[in-house]
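Reader: I have a model open and want to learn how to read it. Can we go feature by feature?

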Amino acid sequence: MLAQAGAVAAESAPVQDVPPPWAFPVDPPGIVQPKDDGTLRHVPDSTVNFTLSQVRDGFLSPDWHPGDHPALPGIVAHGNKPGVMACGYCHRAEGTGGPENASLAGLPAAYIIQQMADFKSGARSSSLPLRAPPKNMMALSKLVTPPEVEEAAAYFSSLKPKPNIRVIESDTAPKTHVHGWHLADLGTGEKEPTGQRVIEFPDDLEQFISRDSRTHFTAYVPPGSIARGQVLATTGDAGRTVQCTICHGPDLRGLGPIPGIAGRSPSYLVRQLYDFQHGARAGLSSVLMKPTVEKLQIEDMIALAAYAASLPP
């Protein structure tokens, strides 16, 4: 009986206390950035050009396709020097974001405003605070003004999210390295076991480095993840979790002030589930999320993220 009880306890125990490095990539020390030689950069289907220094400028949102969206508010386009970077620098001009941060396009304005308040109060942090993206958010949230937050939230919530992630179930995935706080394909053609991981990277690294909102991504997940995630999200799997569809809607596109999670980066989704489970996200939404995440194993988080990411946003 004791052995059986121990097995049940182990099955329901939460994931390990060390954040999985594939979900929380950290740039290695000593990276030497290439120098800007003045060459103008280009991306597909755009007549705009920028230098390498410009696409690295945290107070500039490279707008490669200005016809794709309304005019950028000042806080999104340029930020507010010296401490508030342009929102579009990290989250891109159309709010598409990437594996290293959040996609903001189409999120409810009230939700965006609340997240900024949580960053400012310290209620929202990260299980790995040394990562630059959440560290930057926590710092700038204390300097950005309420009108600027409201302006950015109104802009990003007005945008329609675009499908830009391809989810592939496979036992193997391309070998990757960490680049810019996310994974990138080494480009050698070598493969390695996927294991219990999400291996997500931009299809065209240079396009993503240029901060083009039209960049697409591929995410490799373990075989069976999508079907397993659907069971968890729609039924709760006999108490393993709470159905995601109750709050996020039957298609996971959100309900009222609850954000949509369909078509979002699976790496980002795993980080949020992990952060909720370990208390790094303790804002208003954590009350609802606590019973959802408390029994999840890392493979459950992967499955939920794979299923959500496979859906149209």
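Author: Start with the second largest pocket. This is a predicted model, and in it 33 residues line that pocket. H248, I258, P259, F276 and M289 lie nearest its centre. Its volume is about 690 Å³.

Reader: Which elements give two or more residues to the lining of the second largest pocket?

Author: They are α5 (109–121), α10 (244–248), α11 (266–277), α12 (286–293) and α13 (298–310). Of these, α11 gives the most, with 5 residues.

Reader: How do the residues of that lining divide into nonpolar, polar and charged?

Author: There are 23 nonpolar, 8 polar and 2 charged residues in the lining of the second largest pocket.

Reader: Next, aromatic rings. What describes a pair of them?

Author: Two things do: the distance of the centres and the angle of the planes. This structure holds 5 aromatic pairs. One of them joins Y155 and F156, with 5.2 Å centre to centre and 65° between the planes, and it is edge-to-face. Both Y155 and F156 are buried.

Reader: Why is the pair of F208 and F217 called edge-to-face?

Author: Look at the angle. The planes of F208 and F217 stand at 85°, so the pair is edge-to-face; planes over 60 degrees apart count that way. The ring centres of F208 and F217 are 5.2 Å apart. F208 is buried, at a relative accessible area of 2%. F217 is buried too, at 3%.

Reader: Where does the charged end of R211 sit?

Author: It sits over the ring of Y89, 3.8 Å from the ring centre.

Reader: On to cysteines. What is a disulfide, in general?

Author: It is a covalent bond between the sulfur atoms of two cysteines. Here the count is 0 disulfides.

Reader: Now the backbone. What should I expect there?

Author: Most residues other than glycine have a negative phi, and most peptide bonds are trans. Then look for the exceptions. The peptide bond from K81 to P82 is cis, with omega near 10°. P82 lies in the loop between α3 (74–77) and α4 (87–91).

Reader: What is the phi of R92, and where is R92 placed?

Author: Phi of R92 is near 70°, a positive value in a residue other than glycine. R92 is in the loop between α4 and α5. At 2% relative accessibility, R92 is buried.

Reader: And L252: buried or exposed?

Author: L252 is buried, at 1% relative accessibility. Its phi is positive, about 60°, although L252 is not a glycine. Find L252 in the loop between α10 and α11.

Key. Residues are numbered from 1 along each chain as its sequence is written. This is a predicted model: local features need pLDDT of at least 70, side-chain atom pairs count only at pLDDT 80 or more; totals for chains, interfaces and linings use all residues. Side-chain values use heavy atoms; hydrogens and water are left out. Rings of Phe, Tyr and Trp (its six-membered ring) pair if their centres lie within 6.5 Å; planes under 30 degrees apart count as stacked, over 60 as edge-to-face and the rest as tilted. Buried means under 20% relative accessible area, exposed over 50%, partly exposed in between (1.4 Å probe, protein chains only). A charge sits over a ring if NZ of Lys or CZ of Arg is within 6 Å of the ring centre and within 35 degrees of the ring normal. A disulfide is a pair of cysteine sulfur atoms within 2.5 Å. On a 1 Å grid over the protein atoms alone, a cavity is a set of points where a 1.4 Å probe fits but cannot get out, and a pocket is an open set with protein on both sides within 12 Å along at least five of seven lines; lining residues have an atom within 4 Å of a point. Grid points are joined across faces, edges and corners, and a volume is the space filled by probe spheres set on the points. Helices (H or I, at least four residues) and strands (E, at least two) are DSSP runs, numbered from the N terminus. Ala, Val, Leu, Ile, Met, Phe, Trp, Tyr, Cys and Pro count as nonpolar, Asp, Glu, Lys and Arg as charged, and the others, Gly among them, as polar.
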